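Thanks for coming. Please have the sequence and the structure open while I talk, and stop me if you lose the place.

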Amino acid sequence: MDKFATAPAGPLGRPRIRAAQYLRMSKEHQTYSIDNQKDAIRNYADIMGYDIVATYEDAGRSGLKLGGRPGLQRLLADVESGRADFETIVVYDVSRWGRFQNIDESASYEYRCHMAGVRIEFCAEQFLNDGSIGSDVLKAIKRSMAAEHSRMLSQKTFIGQARLIRLGFRQGGKPGLGLRRQIMDHSGRPKLILSEHEQKSVHTDRTILVPGPPEEVATVRWIFRQFVKTHMTELEMARLLNKRGVLTDLGRPWKRETVRGVLTNEKYVGANIWNRRSRKLKAKAVSNPPEQWVRVEGVFEPIVDRKLFDRAQAIHRKLYSHLSVSNEEMLAALKKVLAREGTLSTSIINAAPECPAASLYYQRFGGVLKAFELIGYQTARNWQFIASKEPLAMVRMQEIETLLATIGNAGGKAIYDKENDLLRINDEFTVAIEIARCSTSDYGYPFWSLNTQRQSLADIFTLIRMRPGDLVIRDYLIAPVPEIVGKSELRANNGAHLDTYLFPTLTPLARLAERASTENILWA
């Protein structure tokens, strides 16, 4: 028997229709509150003769991406799996369905519902979503307007944040060793000092940096004086600090990167610098060129003398001058090594003191083999095969190295098992990381092949999916091995169940490895 046949009669004696409602609110206030959406949908359902039998909700969720919206993911999964016992979904308006920056993405999720026999209706829009030309045109315009709203809001937010930086206020981030965050009220009067995990609670309050505990300030000054005096490398400085029993501001041992973070950060001389990296509209974070930074001098109380800081920068640039060499100088250094060694490889490059690291050649030229080609050197091995594989292999290893460092900084333990090509995390679980280029089917649809060779050895399988051209990472599949057993490829849309394992970064893996302090836990 048809599941809708016994429904009570609606308007004009027609059977009432079983419907679901989808609700979403990000940080917008009264207009798009969940309660307001429910009221509007309830009134619409009464007029149309619908019974709302299911609710899917994403409260406090951005509409820019499917990821992070469990309500919409569950809705798509129920519809596509056949579990849905309704024939229509009522949404307040197009923007509540999503503010996707690519309007085709918004359309694709609606299309997936349509193909499963479930239609979408927007109760607050001035058009019927009936597939007519007029309806489709208006809907496309509404999708574009929803996307543009997010872009305009992002721009306004950026302008506001930049203004606060120029006024001398801090915009997020940890203060660092020797510094603390102080709250200032709306009239500029200082209030309390924030501890590590505290945040300001009053919207009009602002944050500045002030000198921290005297012992931390003394450590920062000692680092600068010792570096200027001895010209030690960052690694040597880290070893010396650890030998002295000094910890970082996070209570961890020092590493090369944490030493660099102190020696090169202008906040110690009172400067406020922002927008070195940015991540707009949920896109991947990027490093910005210096001309895009927002910089203001002398807004915080300095704890390091400017002359001492400038001397440290001059020494640092000299010690690490290879990081700023030109392409011509890098190729000249490569020629010298070739003349001396008679051959070239990544290990030979990394061992040569006059050469930058092999990874820098990849960043500058798109691969070591490309640099070899520019100096007229070819290896004896199959050139085309290596040339096609090398960029992907380099990207994969860079992602692995970044993940290892991130997990270590988060307090976890991660080891790369070269023999089995697996990551062992906290001695608790293993991760296989593969990479796949974007291929195209005979019908023009993109797909990514899965190498399942090591899946049986790992607990979690991660696939780095590249965009066409193999230069930019598209996203990451991070899934328990049982979820992808037997799969040989991924498509652009794999169904809500599998697409829930797609992420823009490897952060979920790092979070799995985090270790939390138990010092402040209160036992009952």
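Strand β5, residues 179-184, is joined to β7 by six bridges, and the two strands run antiparallel. One of the pairs to look for is I183, whose bridge partner in β7 is T207. Before going further: this is a predicted model, not an experimental one.

On its other pairing, β5 is joined to β6 by three bridges, again antiparallel. Here M184 stands opposite P190 in β6. The hairpin of β5 and β6 has five residues between the strands, and in it G188 takes a positive phi near 90 degrees.

Y476 has F503 in β20 as its bridge partner.

At the other end, look at the loop between β12, residues 414-417, and β13, where D421 is placed. Is D421 buried or exposed? D421 has a relative accessible area of 15%, and because buried means under 20%, D421 counts as buried. The side chain of D421 makes a polar contact with the side chain of Y416, at 2.3 Å.

Go on to the next loop, between β13, residues 422-425, and β14, residues 429-436, and you find N426. N426 has a positive phi of about 55 degrees, although it is not a glycine. That deserves a remark, because most residues other than glycine have a negative phi. N426 is buried, with a relative accessible area of 12%.

There is another case of this kind, H231, with a positive phi near 60 degrees in a residue other than glycine. H231 lies in the loop between α6, residues 214-230, and α7, residues 234-243. How does its surface compare with the cut-offs? H231 is partly exposed, with a relative accessible area of 44%.

Last, the empty space inside. Rolling a probe the size of a water molecule over the atoms shows where empty space is left. How many cavities of 30 Å³ or more does a search of the whole structure find? The search finds one, and the volume of the largest cavity is about 30 Å³. The residues lining the largest cavity are V94, G98, R99, F100, I103, S106, R143 and A146. The elements that give two or more residues to this lining are α4, residues 103-115, and α5, residues 133-166. By kind, the lining residues divide into four nonpolar, two polar and two charged.

That is the tour; questions are welcome.

Note on methods:
Residues are numbered from 1 along each chain as its sequence is written. This is a predicted model: local features need pLDDT of at least 70, side-chain atom pairs count only at pLDDT 80 or more; totals for chains, interfaces and linings use all residues. Side-chain values use heavy atoms; hydrogens and water are left out. On a 1 Å grid over the protein atoms alone, a cavity is a set of points where a 1.4 Å probe fits but cannot get out, and a pocket is an open set with protein on both sides within 12 Å along at least five of seven lines; lining residues have an atom within 4 Å of a point. Grid points are joined across faces, edges and corners, and a volume is the space filled by probe spheres set on the points. Helices (H or I, at least four residues) and strands (E, at least two) are DSSP runs, numbered from the N terminus. Ala, Val, Leu, Ile, Met, Phe, Trp, Tyr, Cys and Pro count as nonpolar, Asp, Glu, Lys and Arg as charged, and the others, Gly among them, as polar. Buried means under 20% relative accessible area, exposed over 50%, partly exposed in between (1.4 Å probe, protein chains only). Two strands pair if DSSP finds at least two bridges between them. A polar contact is a pair of N or O atoms within 3.5 Å; within protein, one must be able to donate a hydrogen and the other to accept it, and residues adjacent in sequence count only if both atoms are side-chain atoms.
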